[in-house]
Amino acid sequence: MTGSARGNVPLNAADARPGFWCECLLTSAESESTVLVASFDAYAARDAVRWIRIAVRMLVSVVDAAEAEPVHEWLLFGSNPTAAALERGKPFAIALRHEQLRLVWSARPVRFLPLAHRTGSALPPCALEWAQPAALRAALTASNTDLPARR
């Protein structure tokens, strides 16, 4: 593979940087389709866990108590053990279900190759061309459910 951040110099194993790939997948039981909702590249396990915690905390209040209980327990006590497990190379996933929708957040260790035209945390111009996939819009509107008020 060529085209590294260093120009047209071939990439090698030393160019790969350890990190964690995080993603959120939405599955609709009605359409049996899975859609990538969000993704995040983290270079520290605690950053991967933080990304998942923020998203989960925003949505845990709309699920029923039985579904929310293990997630609340992970939010209170699971961050440090999860980050330690990621550092040891073990993947992690946590899910929430609301009626016909299921969201799964996951993080796994990976090795990142440098992107051409990426400097620091700025994304390349092509990243701004991404639009919300039609499949995601369809899955979100297919449920036609009113979310309960926050508790």
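Figure 1. Glu23 is buried, with a relative accessible area of 16%; buried means under 20%, exposed over 50% and partly exposed in between, with a 1.4 Å probe and protein chains only. This is a predicted model, in which local features need pLDDT of at least 70, side-chain atom pairs count only at pLDDT 80 or more, and totals for chains, interfaces and linings use all residues. Residues are numbered from 1 along each chain as its sequence is written, and side-chain values use heavy atoms, with hydrogens and water left out. Glu23 lies in strand β1 (residues 17–28); helices (H or I, at least four residues) and strands (E, at least two) are DSSP runs numbered from the N terminus. The side chain of Glu23 makes a polar contact with the side chain of Trp21 (3.0 Å). A polar contact is a pair of N or O atoms within 3.5 Å; within protein, one must be able to donate a hydrogen and the other to accept it, and residues adjacent in sequence count only if both atoms are side-chain atoms. Beyond its neighbours within four places in sequence, Glu23 is in contact (heavy atoms within 4.5 Å) with residues including Leu36, Trp51, Val104 and Arg108.

**Figure 2. Helix α1 against helix α3.** The axes of α1 (residues 45–59) and α3 (residues 79–87) come within 8 Å and cross at roughly 130°. Axes are lines fitted to C-alpha atoms, for helices over the stretch in contact, and angles run from 0 to 180 degrees between N-to-C directions. That makes α1 oblique to α3: angles under 35 degrees count as roughly parallel, over 145 as roughly antiparallel, 65 to 115 as roughly perpendicular and the rest as oblique. On the α1 side, the contact is made by Ala45, Arg46, Ala48, Val49 and Arg53, and on the α3 side by Ser79, Thr82, Ala83, Leu86 and Glu87.

**Figure 3. Helix α2 against helix α3.** Here the axes of α2 (residues 65–77) and α3 come within 5 Å and cross at roughly 80°, so α2 is roughly perpendicular to α3. Trp74, Leu75 and Phe77 of α2 meet Ser79, Pro81 and Thr82 of α3 in this contact.

**Figure 4. Glu99 in its loop.** Look for Glu99 in the loop between β3 (92–98) and β4 (101–112). Glu99 has a positive phi of about 50°, although it is not a glycine.

**Figure 5. The whole protein, for orientation.** The protein has four helices and four strands, running β-β-α-α-α-β-β-α from the N terminus on. Of its 151 residues, 34% count as buried.
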